[in-house]
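Dear colleague,

I am passing on the structure we talked about, placed just below.

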Amino acid sequence: MIEIKNLSKSFGENLVWENIKFDISDGETLAIIGKSGCGKSVLLKHLNALLYPDKGEVVIDGYKLFELSYAELRKIRQKFGILFQGGALFDSINTFENVAFPLRYFTNLGELEIRKKVEKALEMVNLIGSGDKPTSALSGGMRKRVGLARAIILEPEYVLYDEPTSGLDPQTSEEINDLIIYMSEQLEITSIVITHDMHSVLQIAEKVMFLDQKKLSWHGTIEEMKSSTDESLLDFIKASEYQI
Amino acid sequence: MEAIRQLGQYATLLYHALRSILEFSIYRKNLFQEFVKIGYESIPIIMLTGVFTGAVLTLQTAYQLDTDFYPASIVGSIVGQSIIIELAAVIGALVLAGKVGARISTEIGTMRVSEQIDALESMGFNSVTFLVIPRVLSGIFMFPVLYVIAAVTGILGGLLAGSLDGILPAAEFMQGAREFFFPEDVVFGVVKSFVFGFVITSISSFKGYYASGGAEGVGNATTQATVLSCIYVLLSDFVLAALLL
């Protein structure tokens, strides 16, 4: 379980957001929505202590994230997989090695077992046979799928998705959404998805958090969102040209 | 104020690197790759630098000492000692600040702005152990080797320039070089290149590691890494000369 308690963050004089608090239960899929630049990715990076807040805390399975030693933090981080916006693939190694990377360093698996696991992960993201490709030869959608395969290869409890469908064509977006649903349902992974794609939100999320005006402006279930009268939320949905 | 903040960041980075230096299994593969990139792949440019430095120094020294007061072999003595004590280490380091330093800061900087370092950290890796330690250790171990190559090729370049230009025969050049050859000068050169290796690789790693702001940010980090590396090579050269000579 992830508990976020009164989190505030500024960069210099610029307040990003303040007093954010919410809980994410195990197995849940939460979508964090909001305009570009409202601090969604900044919030996501706090859940893994890639950024530290000015005040407040994040508690993961009872551990206060920002009070842990670096060694303890590294153990907690292994509970997470992150799909970064651009994939964040290591460009010095090929697709197969990118997915195999965590297995080589964090497990004692032999080469054969690593190969089996990587091929299974690549098959799951519909990239079977692409292992030999250099990452520079992959399209945007393929990069995200490889990033996803790498994020789940160690079977994490939590997967954080940073704009998983941005910049992708509708068909590839659909494939990514299906993968997120598959991860949540079949692998029982807790998913936190940053997006401003309302189509994705309605397809994958159980709960929604709306960041606006430097605070957590609205949160609730998908059903509650559909019947919400919150003006700023409705404006955001209307602006995304999506009818609910 | 900014300089103090950066000094603090640099010290913190080195502290983290030092603290995790025993995690050899994490950076072993990268270490051997860096030995090749920093050491082996720099040999051609270092040889070229050495040969031309020695050649030009020989021609200029012969031109300046073109009187009957000195034996011709003194040119070999001056060239040999200048190369061993100063030029092989310093000119080699300045060239490597461009070749090695720029590569390190660009590579790590690009990893930073494309979130590859965040990806490493998010997996539970210590990115400093993985990226910084192998580069700094390779610099420390490979720069002295490159120094020896630069010194040998520098003397060879001087010898060739002298004999091809007809200034002094090779035997006379070598006689002069041998007369003023002191092993402690080589030790001094090795110590200098060891320090320069650390200075260049640590500054370049630091600048790359804290790069921000996309392609322009990486460009700025690389420029700063190269300029600062050159400045600190010259500064540490002076300090070492004052302390050890």
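How many bridges join β6(A) to strand β7 of chain A, and do these strands run parallel or antiparallel? In this predicted model, the two strands run parallel and are joined by four bridges, with β7 covering residues 158-162; within β7(A), A:V159 is the bridge partner of A:G81.

Both strands belong to an open sheet of six strands in chain A, ordered β6-β7-β8-β3-β9-β10 and with mixed pairing. The edges are formed by β6 (80-83) and β10 (215-221) of chain A, each of which pairs on one side only, and from one strand to the next the twist averages 15 degrees. Helix α9 of chain A (residues 231-239) packs on this sheet, where it touches β3 (29-34), β9 (207-212) and β10, and its direction makes about 100 degrees with that of β9(A).

Turning to the interface, 20 residues of chain B are in contact with 21 residues of chain A, and the two chains bury about 1800 Å² between them, 56% of it on carbon and sulfur atoms. On the side of chain B, the most area is lost by B:E115, B:S122 and B:M123, which together account for 32% of what that side buries.

Four salt bridges are counted between the chains, including one in which the side chains of A:R77 and B:E121 meet at 2.7 Å, N to O, and eight residue pairs are in polar contact across the interface. The largest share of the side of chain B that touches chain A, six residues, comes from α5(B), and by class that side has seven nonpolar, seven polar and six charged residues.

Best regards

Definitions and conventions
Residues are numbered from 1 along each chain as its sequence is written. Chains are lettered from A and ligands numbered from 1 in the order in which they are written. This is a predicted model: local features need pLDDT of at least 70, side-chain atom pairs count only at pLDDT 80 or more; totals for chains, interfaces and linings use all residues. Side-chain values use heavy atoms; hydrogens and water are left out. Contact means heavy atoms within 4.5 Å. Buried area is the accessible area (1.4 Å probe) that two parts lose on being put together, summed over both. A polar contact is a pair of N or O atoms within 3.5 Å; within protein, one must be able to donate a hydrogen and the other to accept it, and residues adjacent in sequence count only if both atoms are side-chain atoms. Ala, Val, Leu, Ile, Met, Phe, Trp, Tyr, Cys and Pro count as nonpolar, Asp, Glu, Lys and Arg as charged, and the others, Gly among them, as polar. Two strands pair if DSSP finds at least two bridges between them. Axes are lines fitted to C-alpha atoms, for helices over the stretch in contact, and angles run from 0 to 180 degrees between N-to-C directions.
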